[in-house]
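Colleague: Hi! Could you walk me through a few spots in this model?
Modeller: Happy to, here it is.

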Amino acid sequence: MSTSIICARNSLIQQGSELSALTIQQQQLQLRQQQQISDVAVAPNMLIEDEVHGVIVIPSYIEEIVNHPQFQRLKKVKQTGLLWMSGNPNGDHTRYDHCIGTLKGAQDQLNALRRNSINKPELPEWCRRSVEIAALLHDVGHGPFSHNWEEACGHSFDHELNGLICVDQIFADVKTPELLSLRDDCNGRGVQLIKALIRGDSEMLSFPMMEFGYIFDIVHNSRCGLDVDKWDYIRRDNKRLNLLNEEQLQFDDVFLKSRISPDGERIEYRYDDYHLIYKLFVARWSLHVGAYQLPKNLAFDHLLTKILRRCQTKLCDLRGDSSGWLDLNDDSVLEMIASDPQAIYLNSPERWIETASCDDQNGEYICVKTEKLGPGVDMKPDECYALYGDKSKKRSITRQMTSTPISGCFKLQ
């Protein structure tokens, strides 16, 4: 089940924390009951039924962004690229689903930070809205097949940089007062902050964040790598791919028990949860070696790159403000390359025969060879993490530093 939309009344916004503890079916029943007794004159809000988080309440000012063509386009961009075609059909969830989930993660962490931090100034509303929108739009610039597109375009395409263009396109069209304020007030400081949060770069700002610099650790944490982007996609991808058990995914407290540092510049994590930080990076590594970087999936990426460079090189020049961007998605690209003689193999995984040796000069063979760094390398050094609490509760970890070799040869039949 992918993300779907249902409606509720304004009075339900306050019920978000209560809903999260219920099953989706229980949430739907409760919402229907509340709708029956609500004032019918009140305009409905958007609720999105999500397979990871349950029912997500979308703030009314964000609904306009969700409905914008730039964001709706993500419904046709698969989260895990070609994985659903190369051998795991369950991996057909989309960037739309992930972005909605990342918004929910940002909301949850903002609420946790408020709850766990004592005597801290309230985050200004325009900043909170900027964080939520940055989380929602952090992947809006992805090309077809997600990260595979950057590989196919020879890294001339950067989805984050393109995302900033998409943000401008969205805010050029906004009508909601809250969004207009982010665009127009104080020289557009809100949109400027959204872009900086997407890039994880506070240097992009023309103004200081004073004691609110910690928000740069939420969406794209360039300081230590713990952010709500990873928090969502690890759980979401595994929901579909089913590689990890519940115990391997028990790292929610890293985010839910975090707090604001005394100077307001960082997010601090509990010493109690230090080992859970490593667990998160192990889970991410497991998805890479067990799904994202399986030899056959990498070989599919390689073939797509060959075909695109052979017959559709100009597609890589499209950006968020290009006339053809909104129609550039997984399905449209597959349709445009369908006439290539090798395109048929992208829809026929059974015709990929793994072999012991490979003839690199023969176009009927595809070989891949790479390695995945160990999770102990992906997890940054200890000094990158701001920790608080009882230091004696910090559990030791044994970092896996060795890389995992990945290789495979396939003959197209």
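Modeller: First a term: a salt bridge is a side-chain nitrogen of Lys or Arg within 4 Å of a carboxyl oxygen of Asp or Glu. This is a predicted model, where local features need pLDDT of at least 70 and side-chain atom pairs count only at pLDDT 80 or more, while totals for chains, interfaces and linings use all residues. Residues are numbered from 1 along each chain as its sequence is written, and side-chain values use heavy atoms, with hydrogens and water left out.

Colleague: How many salt bridges does that rule count?
Modeller: The count comes to 27 salt bridges.

Colleague: Which residue does D50 meet in a salt bridge?
Modeller: R236, at 3.0 Å from N to O. D50 sits in strand 2 and R236 in helix 12, 186 residues apart. (Helices, H or I of at least four residues, and strands, E of at least two, are DSSP runs numbered from the N terminus.)

Colleague: Is D50 buried or exposed?
Modeller: D50 is buried, with a relative accessible area of 0%, and R236 is buried at 0% too. Buried means under 20% relative accessible area, exposed over 50%, and partly exposed in between, using a 1.4 Å probe and protein chains only.

Colleague: What network is D50 linked in?
Modeller: A network of salt bridges links D50, D232 and R236.

Colleague: Switching topic, where is S130 found?
Modeller: S130 is in helix 7, residues 125–137. At 0% relative accessibility, S130 counts as buried.

Colleague: And what does the side chain of S130 reach?
Modeller: The backbone oxygen of W126, at 2.8 Å.

Methods:
A polar contact is a pair of N or O atoms within 3.5 Å; within protein, one must be able to donate a hydrogen and the other to accept it, and residues adjacent in sequence count only if both atoms are side-chain atoms.
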